[in-house]
Structure formats: C-alpha cells, structure tokens
Amino acid sequence: MNIETIIFYFLAFIALASGAFVVLSQHLVRSVFMFFVTLFAVAGLYVFALADFVALTQVVIYVGGVLVLLLFAFLLSSKQSLEGMEKIPSGLLSAHRLPAAIISLAFLFLLCFVFFQIDFENLSWITSAKAKENVILVTDNTIRNIGINLMSKYLLPLEMVSILLLMVLVGAAHIARREPNL
Amino acid sequence: MEVGKYGLLQTFADILKLIQKEYIVPALADKVLFTIAPVIIFVAVYLGFVALPWAPGLVPANMNLGVFYVFAIISIEALGILMAGWGSNNKYSLLGAVRSVAQMVSYEIPIGFVIISAVMISQTLDLQLINYNQGILAKQDILFLGFINVNHVGGFLAWNVFQAPHLLLAYVIYFIASLAECNRAPFDLPEAESELIGGFHTEYTGLRFAFIFLAEYAMMFLVAMLGVTLFLGGWNTPLPNFGSFKLAEYTTGIFWGIFWVMGKCLLVVAVQMWIRWTLPRLRVDQLMTLCWKVLTPIAFACLVISGLWRLLLF
C-alpha cells in the first residue's frame, strides 16, 4: 500500500463516518458542523480525481455559502418549530421515515448492482482514451482545460445557468425588499 | 507601562501572560464546539499561507489555482466564528458571531470582483506567475498603462496597478474590504466591547483567546500579502532600470524577493493599524450600506473595465 492509497482510504473513512454522524446525531447544530467535515473530506477525494477546481469550488460554495446559510436558517428559526421536529416518531419504519428508507435502500441496491456488473478497467471509452493518450496527468494545468471547454463546447449551458442565477438574484432582491406602505 | 526598553519585550510578556491564564469554559457551553472553534479559525487562516510566493522560485506549494485556493480557504474562518459563537451558549457571543459572519460574507463579494479584475489583467490564477508577470522576469509582454513596453525596465512601472491604472481603484476597494474581512477597525464590530459587549470571542480566555487573535493578525498579514501579490508587484523590486543603472536587475533575487514582499506587507499592515487608531467605528447598517451600495458597484465597474482593457488593448 503506497501513501496515496492510505490517504485515499483515510479520507473516504472520514467522509463516511462524518456523514453517518450527520444523519444519526440528535444534536442538530453539531450535525451541521459535522457536515463541514464531510464536505471537506469529499473535497479531498475530488483532489484525488484530479478535479482540484471542483474541490476548491466545493469549499467556496458549500463551506463558505451553503453551510453558513444553513446555520443562519437554524439560528433564525423559532424554538417551537424545532421542538415540533423532535416529536416526530423515531422508529425506522414509521410513516415519516419509510419513504426515505425505501429510497435509500433502492439507491444502495442500484450502486451495488452497477459496482458488481461493470468491469471498470476495461470499459470501452476508458480503453480508447488510454490508447489515444487522451488522459489528464497530475502535472497538467486543469483549469485551462475547463476554461476552454466552458467557452467553446459548453457555452450555451453556461449562459443558461447564468441566466437562471440572474433570475434567482432578482427574485431574492425582490423578496428582501421592504414592502411599501405596510 | 511597557515591558523593556521602548516596550520591546511587551510581546513576550503578553505571550507569557496568555499561556499562564486559566481556561474558563462556561458551564452551559457546548464543550466540544467551544474547544474546537479557535483551532479551526487559526488553522483556516494559516492554511492560506501555503499558496503565497515569497521570491522567484520560492513558494511553499506551487499550484495553478493559487488565487482561488486562498479565497476558498479564507471562507472557512466564517464557520469557525459561528462555531465559537454557538458553542459559547451566550446571546451576546451568538449575536456577535452572526454580525461578524454577515460582515465577512458580504465583503467577500467586492473582494471577489476586484480579485477577478486583477486576474483578468494577469491572465492566470497561479500566484507565482502573477508575480513573474509584474517585473523584469516576465514571460509575456508587460505594458505600462497599456501602451509602453516595460519588460526590460521593470520596477514599479511593471506592477499590475500601473499596467492598468483602474486597478489602483480596485486596490483601494480591496484594501477597504479586506479590513472588514479581518474584522479590523473601522469595521471592528466584533470587538466593540464598549458598545456591543464584544463579539464571538466574549467567553474566551487564555490560550484560546490568543489563538483567535493570532488568527486575526495572521489574517491581516495574509490579506496584505495577497493584495501585494495581486496588485503591487509581489516580490518584485520597486526600483526600475535607468539606462546603464540596472537597479531592477541588481535588486531581484531570492533574498531581495523576501525583503521586498516582507517590506511591502509590513507597510500595508502598518497602514491597517494606522487606520485602526484614526477612524471611528461604523454602525452595522452603515457597514452594510458601504459594502452593497458603494463598494460592490465600483468593484463591478472595475471588472467591466478590466474586460474592456483586455479586449481593446491586446
């Protein structure tokens, strides 16, 4: 086992363990803070997939944005609504949890099915890319690749996403605006 | 009342004092979060230094995403602050944490815009390459004010702020927003103990308090260094070549690089402290007005000018 494998399994273990803690903990705020550890470990796994840009984007958007937003939402919500949450019956097969349990089991089955069905080393598109040497190396400048692809091949999706974000921004500003004469 | 001649030993006395002090954990505090929070704040800030270059060929981790990395890692500090505020289980701490996180998240927007406008001029996210392209070691053409080639002159003429003069305005915005980002005066609402009972660190004592404040001062140095690298030439010398006086060539090298970057950063930190003792504190609504209604539009204008600059002049 070389050092990369050890680090990979270490990160994977942290991601899984902290993810389990997020789901199982009764303490909501600690769950949110533990989610930060999960996101960070997943960012580390992205670095292993040579997606360092995605890893950093994950840190900026989720840790700097979404988590802070989650905490703010938590802080600003009233105590009564949080107490209401605790009254939900906690049995695994209760009416509230059954759909979630079914969906997660189905997803687990799907993942296992794919994992055992496919021989990842000999997929046709992977072997052809290896043969043509169309692979990204550790020393490559990955962000250049992303930039060129975003500005050529994926320009339309990028623009559509940006228009969607603009609409969200306008909507948020409208909601946050003070109501006139009320 | 200083220790030593001219207060030279004051720092050491303060360190000893902070190490000796008792740890006090409030009885109702969330012990785990309360203990971890200062460490997270401290580590988040120090991780930022990994990507910052000190001299030609001297950078702890040479990565092609340097600027983005620093920007990303700084945003973790906000989480540590919320953790400290929540863990203290004290309404003043919690309100203080909310206040300073709201401030940091808001001011990240103008900072992001001006960083992008500087990156657009230097055309790379690699901090070391940004440094190279602001001096005589440049790997691409550098044009003073966009017209005069200064590849062999170097000095302050090759700095980003003089390559594209609107970046001077961008640097001013960066500086103001970075003051808010490290919770320094005139934006030091977290510390306003006379008006607002301090902030997220009200309950902290001893070494934990020291960690929070070390992080604040490290953050000051970090934003100063990032600003110096992006706008003020980084480790490049301010002295240009004059005819046969090759001042820029004499004063470029590893030790000169460390000297220049250290000098520039300490100068910026000195200005930050000078401002602290000069200006009164802003009220929280004035703080947000300044960010959203003044700095963000100007930063956006800088971004547009940078785009036009690249399109029209190159």
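Trainee: What kind of model is it, and how are things numbered?

Mentor: This is a predicted model, where local features need pLDDT of at least 70 and side-chain atom pairs count only at pLDDT 80 or more, while totals for chains, interfaces and linings use all residues. Residues are numbered from 1 along each chain as its sequence is written, and chains are lettered from A and ligands numbered from 1 in the order in which they are written.

Trainee: How many helices and strands in chain A?

Mentor: Chain A has eight helices and zero strands. These are DSSP runs numbered from the N terminus, helices being H or I with at least four residues and strands E with at least two.

Trainee: What radius of gyration does chain A have?

Mentor: Chain A has 22 Å, whereas a compact globule of 182 residues would be near 16 Å. The radius is taken over C-alpha atoms, and the globule rule is 2.2 Å times the number of residues to the power 0.38. Along the principal axes, the C-alpha trace of chain A spans about 65 × 45 × 30 Å.

Trainee: And how much of chain A is buried?

Mentor: Buried residues are 9% of the 182 in chain A. A residue is buried if 20 or more other C-beta atoms lie within 10 Å of its own, exposed if 12 or fewer, and partly exposed in between, with C-beta atoms placed from the backbone.

Trainee: Which transmembrane regions does UniProt list?

Mentor: The unreviewed UniProt entry lists residues 6–24, 31–49, 55–77, 98–118 and 154–176 of chain A. Positions are in the numbering used here, feature names are shortened, and annotations may be inferred rather than shown by experiment. In the model, residues 55–77 of chain A are 96% helix and 0% strand, with end C-alpha atoms 31 Å apart. Residues 98–118 of chain A are 95% helix and 0% strand, with their ends 30 Å apart.

Trainee: What about H8 of chain A, how far does it reach?

Mentor: H8(A), residues 155–176, reaches 31 Å from its first C-alpha to its last, close to the 32 Å expected. The expected span is 1.5 Å times one less than the number of residues.

Trainee: Switching to chain B. What is in it?

Mentor: Chain B has 13 helices and two strands. Its radius of gyration is 21 Å, close to the 20 Å from the globule rule for 314 residues, so chain B is as compact as a globular protein of that length. In chain B, 48% of the 314 residues count as buried.

Trainee: Which residues of H8 in chain B are buried?

Mentor: Among them are Leu167(B), Ala170(B), Tyr171(B) and Glu181(B). The cover over the buried residues of H8(B) includes helices H5, H7, H10, H12 and H13 of chain B. After H8(B) comes Asn183(B), with a positive phi near 55°.

Trainee: Now the contact. How many residues does each chain give?

Mentor: Chain A gives 16 residues and chain B gives 18. Two residues are in contact if their C-beta atoms, placed from the backbone, lie within 7 Å.

Trainee: Which element gives the largest share on the chain A side?

Mentor: H3(A) does, with eleven residues. The elements giving two or more residues there are H2 (28–48) and H3 (52–76) of chain A.

Trainee: What is that side made of, by class?

Mentor: The side of chain A that touches chain B has 13 nonpolar, two polar and one charged residues. Ala, Val, Leu, Ile, Met, Phe, Trp, Tyr, Cys and Pro count as nonpolar, Asp, Glu, Lys and Arg as charged, and the others, Gly among them, as polar.
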